[in-house]
Amino acid sequence: MALNVFDHDEYRPPVWKSYLYQLQQEAPHPRRLTCTCEVDNRPKYYGREYHGMISREEADHLLSQAEGSYLIRESQRQPGTYTLALRFGNQTKNFRLYHDGKHFVGEKRFESIHDLVTDGLITLYIETKAAEYIAKMTINPIYEHVGYTTLNQEPTLKKHIPHSPEAPDGPAPAKDDCNAEERLTSLVRRATLKESDLAPKYEKVHNFKVHTFRGPHWCEYCANFMWGLIAQGVKCADCGLNVHKQCSKVVPNDCQPDLRHVKKVYSCDLTTLVKAHNTKRPMVVDMCIQEIEQRGVQSEGLYRISGFSELIEDVKLAFDRDGEKVDISSSAYEDINIITGALKLYFRELPIPLITYDAYPRFIDTAKITDPEKRLESLHEALKLLPPAHCETLRYLMAHLKRVIQSEKENLMSSENLGIVFGPTLMRSPDLDAMTALNDIRYQRLVVEMLITNEDVLF
């Protein structure tokens, strides 16, 4: 049966994909076994389920009457440590129990012992009943049918979308567009998202974070139910994709950031930013360079002289707030050094530098080569290590700096001077050793100087 993601505002999984949901409903319910006598030195964060220092055998006997029953005991072997004894599958299972403000036996942390046991019973039941199913659930992912792969066929798909009030992209007033978009899951958004013909197709990995979903949720990769009470899966912080933790390991590197999730311009991953705004380069780079070339290339000490830090911070906040609508013209900021300062600040605050940590050692080694031809060849190879969005931004910046040194008589800025300014701005040592970082400064300068001088050959 063909899946038409455009029939509903929300993606609804096929009936056969509800198997895990049914199992969660069937899982044993927790049964607290209370202690009838008063126990000395009971930790304040445990209730009547605490039985003090009893043996495994005693716990097993007490719990043998009902599936899902549980108690907490103090370990006889290691006094001061606590064990959750839980009856499942006609066996008593023992888990070392911890508390740091929340209760946990593994990665997940719970407000109450009851929630911990409920989640544990669900997990044990599903993993026991459906172990083989879980192992194979990524084999035929729904993602391949309605994921990013459909974007390449987007114009064709658009033709087949019925123009009716029920269709998410139907002819609605402009004011409803935002609301319609908010009703879509990230999976449907991925299938219906309009991609510009001019936009570069940069590859980007998903930024998955452990997430607790409220209400029933289905994985947007395999379409199977995401079981458990909390932390049922992971959510991409950039595009909102919801998947099982195990599915996240096989999801393609095709994150398409959503502006609802990408809140800032500064301190945002470069590839994330350009994909979210559907541009070749970060808007702040394009806009600042265009403004500088329009009115400041011949300004003495360009990039070397600092503008007022408060006004530079003001430009940063304006970009974060207004994006491409920000006004950085001379009427707003008369001093061109404020704009150059804002551009340098953008590069300094990148979480991954323009010349990335992974590529950094290759660039530094290149700067140490004495033979000019071999050095140029090595630099060309080093550039191939950069992510496409980083390489394109570096190319654009170097072309700009090349134009800056062509006005050296007026601005007194040579390629060496710009190398001193931009070396530590564009590349940072992944090594936290202060001495190593200090020794690398001269090589950072040389790298930028070489990139400027040979810009027309390297890019």
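Show the whole chain as a cartoon: this predicted model has 19 helices and eight strands. Helices (H or I, at least four residues) and strands (E, at least two) are DSSP runs, numbered from the N terminus. Residues are numbered from 1 along each chain as its sequence is written. Local features need pLDDT of at least 70 and side-chain atom pairs 80 or more, totals for chains, interfaces and linings use all residues, and side-chain values use heavy atoms, without hydrogens and water.

Colour by burial. Of the 459 residues, 49% are buried (under 20% relative accessible area, 1.4 Å probe, protein chains only).

Now select residues 270-277, helix H9. Seven of its eight residues are buried. They are Leu 270, Thr 271, Thr 272, Leu 273, Val 274, Lys 275 and Ala 276.

Go to the start of H9. A side-chain oxygen of Asp 269 comes to within 3.4 Å of the backbone nitrogen of Thr 271. Then step past the other end. Asn 278 follows H9, and its phi is positive, near 60°.

Next, select Cys 35, Cys 37, Glu 38, Val 39, Arg 42, Gly 47, Arg 48 and Tyr 50. These residues line the second largest cavity (on a 1 Å grid over the protein atoms alone, a set of points where a 1.4 Å probe fits but cannot get out; lining residues have an atom within 4 Å of a point). The space in this cavity is about 30 Å³, a volume filled by probe spheres set on the points. By class, four lining residues are nonpolar, one is polar and three are charged.

Note on methods. Buried means under 20% relative accessible area, exposed over 50%, partly exposed in between (1.4 Å probe, protein chains only). A polar contact is a pair of N or O atoms within 3.5 Å; within protein, one must be able to donate a hydrogen and the other to accept it, and residues adjacent in sequence count only if both atoms are side-chain atoms. On a 1 Å grid over the protein atoms alone, a cavity is a set of points where a 1.4 Å probe fits but cannot get out, and a pocket is an open set with protein on both sides within 12 Å along at least five of seven lines; lining residues have an atom within 4 Å of a point. Ala, Val, Leu, Ile, Met, Phe, Trp, Tyr, Cys and Pro count as nonpolar, Asp, Glu, Lys and Arg as charged, and the others, Gly among them, as polar.
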